[in-house]
Amino acid sequence: MSDERLIVALDFNKFSDVKNLINELGDDVVFYKVGMELFYSEGEKVVYWLKEQNKKVFLDLKLCDIPNTVAGGLCSLMKLGADILNVHAVGGFEMMEAGILSLRAESERLQIPCPKLIAITVLTSMDQSDWDGLGYGNIDMTQQALHLAKLAQFAGLDGVVSSPQEAKAIRQECGKDFLIVTPGIRPIGSDIDDQSRVSLPSYAIENGSNYLVVGRPIRSAENPLQAARNILEEIKNVGNV
Ligand code: C5P
């Protein structure tokens with residue numbers, strides 16, 4: 001039973017750990033997330049290998065820099081063949097617009113598929129007190145996540161990464177075609193770890209999430225395959241708002 005809505009986060013620093021988990025999860029999981037820990041230690045070969053195994057890849061490197069630098073960085077990453085790339089929405093409208101326009105132009109020029117580009121709104125590890133510490137003044141974190149989602153959509157991006165708790169409002173504001181990817185997923189009985197704004201897999205989907213990013217609840221489970229299957233079973237008959 002595979003379901004592309006489940007993305008398993010490969011937060012490892014050794015390629016051998018990646019291979020072990022992918023072998024263990026087999027055909028049940030088709031989508032994987034490569035983040036900075038793995039990419040900075042093992043590099044692009046991991047992405048090539050996952051694609052050779054017919055897996056989909058979300059390359060979660062959260063770019064945030066001046067528009068020209070981000071646009072160039074994204075074009076370099078596109079050549080690895082990942083299906084989703086991302087940037088931080090706080091990099092601003094121009095940075096996001098430069099990123100998506102460059103990706104589309106470069107994919108056209110090279111005749112290679114253009115990955116989806118999505119933006120991080122507010123990290124799921126942040127709670128309101130972390131947020132208040134950033135000194136943005138009296139802005140509600142949820143409102144800010146929604147504002148950043150609308151900015152990303154206005155800049156032409158394909159979607160956002162948000163907490164499941166903001167997914168419903170984003171879905172309502174940004175419409176059905178806007179991708180919503182939600183980390184901070186915790187099935188019943190799993191530890192919260194360093195996350196703050198967490199939810200059940202089914203709740204996230206019901207509230208508008210297209211993709212669930214799940215790391216430790218699968219990776220650290222005694223039986224990762226069973227943990228993945230439990231999530232797939234939980235969302236099997238659940239649809240979006
Ligand atoms: O182990 P856990 O399920 O908490 O992993 C969540 C994954 O999603 C991590 O790889 C983390 O980097 C990523 N992520 C997140 N919150 C965001 C964006 C990405 O937790 N806003």
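Ser125 is located in the loop that links strand S5 (116–120) to H6; helices (H or I, at least four residues) and strands (E, at least two) are DSSP runs numbered from the N terminus. The model is predicted, with local features requiring pLDDT of at least 70, side-chain atom pairs counting only at pLDDT 80 or more, and totals for chains, interfaces and linings using all residues. Residues are numbered from 1 along each chain as its sequence is written, and side-chain values use heavy atoms, with hydrogens and water left out.

Ser125 has a relative accessibility of 29% and is therefore partly exposed (buried, under 20% relative accessible area; exposed, over 50%; partly exposed, in between; 1.4 Å probe, protein chains only). Residues up to four places away in sequence aside, Ser125 touches Asp130, Asp194, Gln195 and Ser196 (contact: heavy atoms within 4.5 Å). The C-alpha atoms of Ser125 and Ser196 are 4.8 Å apart, with a sequence separation of 71 residues.

Pro224, Leu225, Ala227, Ala228, Ile231, Leu232 and Ile235 are the buried residues of H11. Viewed down the axis of H11, these buried residues lie within an arc of 165 degrees, so they line one face of the helix; the arc is taken over the directions from the helix axis to the C-beta atoms. They pack against strand S1 (6–9), helix H1 (15–25), helix H9 (201–206), strand S8 (211–214) and helix H10 (216–219).

Leu134 is in the loop between helix H6 (128–133) and helix H7 (141–154) and is partly exposed, at 45% relative accessible area.
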